[in-house]
Amino acid sequence: MAILPPPEGWFNQKVAKDEKIWMGLAFVMSLFLFFWMIAWHVYAKQNPSFTTYKTTPEEFYALEQAFVNKYKVGEENGIPVVKPPPGSDVFILARQFRWEPVLVLKKGEEYRFHLSSLDVLHGFSLQPVNMNFMVYPKYDYVLTFRPTSAGEYRIICNEFCGIGHHMMIGKIVVEE
Amino acid sequence: MAVAVEGGEKWFRTCDVTGFKVDLRAEKIARLNAVMAVVSLLIAVIAALLLVLTRWQLFHVLPVDWYYRVLTLHGLDALVFWIIFFELAALTFTSTAFLNTRMSSPFAGWAGTVLAIVGWLLVNYTILTGNADVLMTSYAPLKAHPLFYLGMILFAVGALVIVTTFFANLMIWRRENPGQSLPLFVYGLMAAAIIAVITIVSGAIIYIPTFLWSLGIIKDIDPGVYKLIWWGLGHPSQQINVAAHVSVWYLITFLATGGTSINEKISRFAFILYIVAINVASAHHLLVDPAVSPVWKVWNTSYVMYLAVFASMIHAFAVPSAIESAQRRRGFTKGLFEWLKAAPWGNPAFSGMWLSMIIFGFIGGITGVVNGMEQTNIIVHNTLSVPGHFKGAVVGGTALTFMAVTYYLIPLLFRKKIAFYGLAKFVPWIFGIGIAILAVSMYILGAFGVPRRHWDITFSGGPFTYTFNPVTDFFWALFGLGGILAVIGALLWILQVVVSVFFGKPFNGPQDLQIPIAEPPPPAKEEEDKFAAPGTFTLVLLFMVAFIIFVALNYGWLSAMWEVK
């Protein structure tokens with residue numbers, strides 16, 4: 001009884017058959033989910049990385065500038081457009097309230113993305129593929145992406161970063 | 001079970017409905033905390049209406065600065081203050097009245113309450129004056145006014161003091177009743193209180209240095225450390241809620257149907273699993289963050305191999321089977337579901353509880369597991385799916401349960417008749433269905449990539465534009481409909497509570513009881529090797545199928561995304 005102490009002998013009461021079966025099923029499901037994550041981590045192709053370098057806003061800004069200068073191919077709405085060679089390191093800088101640079105990538109090739117912020121937390125949200133990662137100041141988060149579809153993509157910010165949060169939108173172009 | 005109590009009779013009244021001895025000093029503290037809970041909910045609901053009508057861009061009523069301000073206000077008043085004040089009331093009331101024992105320290109109870117209210121005032125004040133536009137999570141290096149952090153600290157300390165009196169009350173009860181076991185309801189709340197202590201300590205570890213940082217005494221707060229420890233407060237505090245609302249499910253089951261857990265050992269075991277496994281949930285918020293390793297993520301995000309999910313699935317059988325078993329003993333034995341059809345649906349506490357179990361399990365629970373898996377989190381993190389999930393878990397689960405049980409608290413704690421009782425029958429349905437529609441539409445919008453905490457998803461003023469899939473327009477309309485229904489349901493409930501408590505007719509005894517308390521059903525016949533609750537068994541199997549399908553769908557979607565490692 002929920003509001004009175006349990007009746008005599010409650011601790012030795014036999015568990016009903018259906019409750020036993022259900023607990024068995026539920027436990028198996030729990031273990032399955034756990035080992036599924038591990039198996040996916042080992043065998044499948046979408047896993048969040050944990051490769052991270054310590055950095056500072058100044059250092060990361062310098063890295064990003066060097067990257068832009070090296071591979072710049074143009075400018076769009078005041079934001080540099082950069083076309084790095086496949087397999088290279090790509091630097092994406094987040095700051096209140098913009099992403100830079102604009103990237104031009106090649107479908108099916110790997111790129112080592114470095115994400116960091118100059119100020120507060122930002123959210124790297126790639127649309128419409130809908131992949132989402134966090135961007136911190138002082139942490140250089142490395143994610144190796146292989147774009148599997150061509151087209152125009154947007155990076156929107158989905159971690160609140162201040163009053164201009166909704167204006168923070170960047171662009172990635174993937175060419176065939 | 002009359003027992004000798006210290007301090008004589010002057011502290012007590014005897015409840016003319018339940019026969020319990022109620023410590024009047026504890027009752028006053030519980031009442032004030034309950035009133036604070038309702039006031040917080042009222043603020044949260046008004047804020048919610050403004051938020052719904054802003055994010056649904058057909059209306060877009062709030063300007064940008066007020067959107068984030070009201071969002072901060074809504075988050076803290078709904079997710080923290082309403083729920084925790086309610087839990088403080090419940091802890092104080094149950095650890096005395098339900099145990100027929102006295103309040104260990106009324107002074108500590110009052111001190112805790114006053115601290116919590118001062119904290120509440122500071123937080124609400126700093127937010128409304130525009131000094132804390134940092135959202136509920138206040139992720140460093142976003143910085144609020146020092147009084148905001150101070151308010152959070154005072155509130156937490158106040159709550160901790162009251163939780164301490166709960167344990168002290170339990171010790172008095174233990175001394176007066178050696179060798180006895182706690183009632184299941186109080187046992188569950190004890191689990192909640194234990195989790196609360198760990199949670200509040202996490203809160204102190206992060207808010208105190210952040211407060212000093214906002215004063216300029218500490219130079220730097222590491223954003224990664226902040227987020228890790230803040231969520232040691234933020235997520236486990238939702239587990240306080242789960243333990244508390246599951247306890248209330250057992251309570252309502254008993255009051256409304258006379259049902260008791262068919263095996264208390266199992267139910268208690270599940271509460272212990274909550275305590276063991278649930279405090280690692282900080283990882284849910286760090287799955288797509290730098291620095292933390294996959295081993296740490298998988299172990300922690302799964303609540304130690306999904307032991308807490310396992311515990312919830314145990315309750316998912318134990319609570320409905322308690323109802324089914326009581327109903328079957330009353331003679332509702334036809335088919336699988338006659339017991340459910342014949343359940344007291346006109347009792348708002350019962351209908352509210354049942355809805356909350358369905359919403360918590362099918363919406364909050366299933367989405368919660370998918371959101372919290374290491375890989376599927378990539379397609380969920382910080383999208384509208386996240387608040388969609390906790391609308392199902394915390395609002396459909398905890399808030400709706402607390403609203404449902406309040407229909408018993410008005411006569412038994414506040415000693416008032418329920419105003420507009422005829423309305424009560426509909427309120428849980430309006431609120432529950434509204435929240436269910438809201439949660440589902442938010443979850444689907446999130447699956448289309450719509451971000452949470454975002455004032456304008458047309459990105460006006462940005463260097464590029466983006467238009468979400470036009471299908472989202474339909475779900476925005478559903479979102480608006482669900483949100484407005486839920487707001488109406490909540491406002492009706494608040495109206496009933498406020499009118500009853502402050503202007504209601506006094507409750508003078510069992511003859512004034514509007515909401516029925518069920519007679520205990522006849523005792524069970526011993527039947528070995530038969531299913532105790534075949535209807536419940538069918539329902540939980542249905543749940544399992546839905547669960548597996550949803551996990552499979554999400555991993556299917558994930559596998560269609562870009563490759564990332």
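Analyst: **The contact of chains A and B, and beyond**

Phe145(A) has Val564(B) as its bridge partner in E3(B). This is a predicted model, in which local features need pLDDT of at least 70 and side-chain atom pairs count only at pLDDT 80 or more, whereas totals for chains, interfaces and linings use all residues. Residues are numbered from 1 along each chain as its sequence is written, while chains are lettered from A and ligands numbered from 1 in the order in which they are written.

Two strands are said to pair if DSSP finds at least two bridges between them, and the elements themselves are DSSP runs numbered from the N terminus, helices being H or I with at least four residues and strands E with at least two.

Around this pairing, the contact between the chains takes 75 residues from chain A and 82 residues from chain B, where two residues are in contact if their C-beta atoms, placed from the backbone, lie within 7 Å. On the side of chain A that touches chain B, two or more residues each come from helix H1 (17-43) and from the strands E8 (122-127), E9 (131-135), E10 (139-146), E11 (151-157) and E12 (169-175) of chain A. H1(A) gives the largest share of that side, 17 residues. Sorted by class, the side of chain A that touches chain B holds 46 nonpolar, 19 polar and 10 charged residues; here Ala, Val, Leu, Ile, Met, Phe, Trp, Tyr, Cys and Pro count as nonpolar, Asp, Glu, Lys and Arg as charged, and the others, Gly among them, as polar.

E10 of chain A also takes part in the surroundings of H6(B), whose buried residues pack against it together with helix H5 (184-214) and helix H7 (236-257) of chain B. Of the 12 residues of H6(B), 10 are buried, a term for residues with 20 or more other C-beta atoms within 10 Å of their own, those with 12 or fewer being exposed and those in between partly exposed, with C-beta atoms placed from the backbone. Among the buried residues of H6(B) are Tyr226(B), Lys227(B), Trp230(B) and Trp231(B). The end C-alpha atoms of helix H6 (residues 223-234) of chain B are 16 Å apart, which agrees with the 16 Å that its 12 residues should span at 1.5 Å a residue; the expected span is 1.5 Å times one less than the number of residues.

Elsewhere in chain B, helix H13 (residues 385-412) has 28 residues and reaches 39 Å from first to last C-alpha, close to the 40 Å expected at 1.5 Å a residue. H13(B) has a kink of about 35 degrees centred on Thr406(B), the bend being the angle between axes fitted to the seven residues ending at a residue and the seven starting there. Because 28 of the 28 residues of H13(B) are buried, the helix is largely enclosed by the rest of the structure.

Leu412(B) is in contact with Cys15(B), as are Phe20(B) and Val22(B), leaving aside neighbours of Cys15(B) within four places in sequence. Cys15(B) is placed in the loop between strand E1 (12-14) and strand E2 (21-23) of chain B, and it counts as partly exposed because it has 17 C-beta neighbours inside 10 Å.

Chain B is divided into domain 1 (15-180) and domain 2 (349-518), with bounds that come from an automatic or database domain assignment. The centres of these two domains of chain B, taken over C-alpha atoms, are separated by 18 Å, and their contact takes 25 residues from domain 1 of chain B and 25 residues from domain 2 of chain B. Helix H1 (24-55) and helix H2 (64-94) of chain B each supply at least two residues of the domain 1 side, and H1(B) gives its largest share, 11 residues. That side of domain 1 of chain B divides into 20 nonpolar, 2 polar and 3 charged residues.
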